[in-house]
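Please describe the fold of this protein in brief. Begin with its surface and overall dimensions, then turn to the sheet.

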Amino acid sequence: MPVHEGLALYAAATEAGALGLPMLEVGTYCGRSAVLLADAARAAGVSALTVDHHRGSEEQQPGWEYHDPSVVDPEIGLMDTLPTFRRTLRRAGLEEHIVALVGRSPQIAAVWHGPLGLVFVDGGHTDEHANADYEGWAPHVAEGGLLVIHDVFPDPADGGQAPYRIYRRALASGAFTEVAATDSLRVLRRTAPGI
């Protein structure tokens, strides 16, 4: 995530923190954006949560553009970003301000029942994964809360289209209104029920 998008995410999280509700991120990877959410949550006195299976998304697997062999567990041969994520939080002094939910987003969403002040969707970029993240977590965004979607590229030449499609879906639902756009980061406010 570029710095200016990170600053926009932090601004959204700071605003959402005023609702007094937890904030949740889908797609942790190594924790860069989780640090931003955790710091905003700390300042607001709320919880930050992050959901990830820590095995990497499609584009991070061997042979793909964003693969990083340094996060492959040599014993099992699979990606494992959880240790890197934990080190990132420790270095930032924010271990006590975030809860890591390790597992697949749809499974965790199925057992989550509380309202959220902010949901940041930055998980898998296939239609299957992006839709599952949206359908699982958007219903939990409280009235006035924020739905933030990363990697929204209207032009297919700039990037994958699944996040763009869930962004369009959220707007078309009438439940969300766009309040900010910073490059590929979109911030939407819940203004009506539904998804």
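The accessible surface of the protein comes to about 9200 Å². Carbon and sulfur atoms hold 55% of that area. Accessible areas come from the Shrake-Rupley method with a 1.4 Å probe; for residues, only the protein chains shown count as cover.

This is a predicted model: local features need pLDDT of at least 70, side-chain atom pairs count only at pLDDT 80 or more, and totals for chains, interfaces and linings use all residues. Numbering runs from 1 along each chain as its sequence is written, and side-chain values use heavy atoms, without hydrogens or water.

Of the 195 residues, 44% are buried (under 20% relative accessible area, 1.4 Å probe, protein chains only). Taken along the principal axes, the C-alpha atoms fill a box of roughly 50 × 40 × 35 Å.

The protein has six helices and nine strands. These are DSSP runs numbered from the N terminus: helices are H or I with at least four residues, strands E with at least two. The radius of gyration is 16 Å, close to the 16 Å of the globule rule for 195 residues, so the protein is as compact as a globular protein of that length. The radius is taken over C-alpha atoms; the rule is 2.2 Å times the number of residues to the power 0.38.

Seven strands form an open, mixed sheet, in the order S5-S2-S1-S6-S7-S9-S8. Strands pair if DSSP finds at least two bridges between them. S5 and S8 are at the edges, each with a single partner strand, so one side of each lacks a neighbour in the sheet.

Some of the strands:

| Strand | Residues |
|---|---|
| S5 | 98–102 |
| S6 | 116–121 |
| S7 | 141–149 |
| S8 | 176–182 |

S6 and S7 run parallel, joined by five bridges. Leu-116 has Val-141 in S7 as its bridge partner.

Key: Buried means under 20% relative accessible area, exposed over 50%, partly exposed in between (1.4 Å probe, protein chains only).
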